[in-house]
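This report goes through a few parts of one protein chain. Keep the sequence and the model in view while reading.

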Amino acid sequence: MTATARKTSRSPPSADPAAHVDTLDWPQITAELDAQGCAVLKGLLTPDQCRAIATLYPDDAHFRSRIVMGRHGFGRGEYKYFSYPLPDLIAQLRPALYAHLQAVANRWNEAMGIDIRYPQAHAAFLKRCHESGQSRPTPLLLQYEAGDFNCLHQDLYGEHVFPVQVAILLSEPGRDFSGGEFVLTEQRPRMQSRAEVVPLMQGDAVAFAVHHRPVQGTRGTYRVNMRHGVSRIRSGQRHTLGVIFHDAK
């Protein structure tokens, strides 16, 4: 992997997050996902949009459950899963991002010899999830304090897994917190794991492989296993919005 994922955006974010998603340089984002397993969507949300989401955290009326990470060996910190109906901004953002990532997901599965294909509309994919018992919403809001971290993991939640997810940094590095870098690792067969630290600013998002992705080798295409996490928060408080496209059992 390269030292950093390339930051890709063509215009500043607007008050309409779904419309802004369509203005991103998706050919470049797709190229970065194929090459590195991740790509930065610079300035996906405005600072005001970031603050509006982060301030929802104390109000349990928006959420279906709260997870204290230390109780489960996930790291330190906590997060909450949103309940349906999702807040408007997230409800708009989720299908808008899916519409552009669906082709990547299908191409990856084809390259890895996986028969599963994803419909063009996110609503159709959610219907598939719900019919199989995966009906609990998975978008989540994470909160970290000084000393907190997120262990390397994969967000799978059931049989139906969309291969790409998105994390959006809602806090401002250097002002709200220090440390807390987003980290990806890639494990290739018969090779040592490789790590990549993805620098993000407030409102930036990173799209990345959930579980595995195809890599072209000298003897053809093979799968590499991906995990992601967050390094230790040195000071302050960090909020992140996680946008996962499959629902959970």
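## Strand S12 and its partners

Strand S2 (residues 38-41) pairs with S12 in the antiparallel sense over 4 bridges. Helices (H or I, at least four residues) and strands (E, at least two) are DSSP runs, numbered from the N terminus, and two strands pair if DSSP finds at least two bridges between them. The bridge partner of Leu 41 in S12 is Ala 205. S8 and S12 also run antiparallel, joined by 5 bridges; here Gln 165 stands opposite Phe 208 of S12.

How many of the residues of strand S12 (residues 205-209) are buried? The count is 5 of 5, and the strand is mostly covered. Buried means under 20% relative accessible area, exposed over 50%, and partly exposed in between (1.4 Å probe, protein chains only). Ala 205, Ala 207 and Ala 209 point one way from S12, while Val 206 and Phe 208 point the other way.

## Basis of the model

This is a predicted model, in which local features need pLDDT of at least 70 and side-chain atom pairs count only at pLDDT 80 or more, while totals for chains, interfaces and linings use all residues. Residues are numbered from 1 along each chain as its sequence is written, and side-chain values use heavy atoms, with hydrogens and water left out.

## The largest pocket

The largest pocket has a volume of about 350 Å³. Its lining is made up of 23 residues, and those nearest its centre are Leu 140, Asn 150, His 153, Asp 155 and His 228. Elements that give two or more residues to this lining include strand S5 (78-82), strand S6 (140-145) and strand S7 (149-153). By kind, the lining divides into 13 nonpolar, 8 polar and 2 charged residues.

Some terms need explaining. On a 1 Å grid over the protein atoms alone, a pocket is an open set of points where a 1.4 Å probe fits, with protein on both sides within 12 Å along at least five of seven lines; lining residues have an atom within 4 Å of a point. Grid points are joined across faces, edges and corners, and a volume is the space filled by probe spheres set on the points. Ala, Val, Leu, Ile, Met, Phe, Trp, Tyr, Cys and Pro count as nonpolar, Asp, Glu, Lys and Arg as charged, and the others, Gly among them, as polar.

## The loop between S7 and S8

Gln 154 lies in the loop between S7 and S8. Gln 154 counts as buried because its relative accessibility is 18%. The side chains of Gln 154 and Asn 225 are joined by a polar contact of 3.0 Å (a pair of N or O atoms within 3.5 Å; within protein, one must be able to donate a hydrogen and the other to accept it, and residues adjacent in sequence count only if both atoms are side-chain atoms). The side chain of Gln 154 also reaches the backbone oxygen of His 211, at 3.3 Å.

Tyr 157 is found in the loop between S7 and S8. Tyr 157 is not a glycine, yet has a positive phi of about 75°. With a relative accessibility of 23%, Tyr 157 counts as partly exposed.

## Arg 64

Arg 64 is found in strand S3 (residues 63-68) and, at 26% relative accessibility, counts as partly exposed. A polar atom of the Arg 64 side chain lies 2.8 Å from the backbone oxygen of Pro 137.
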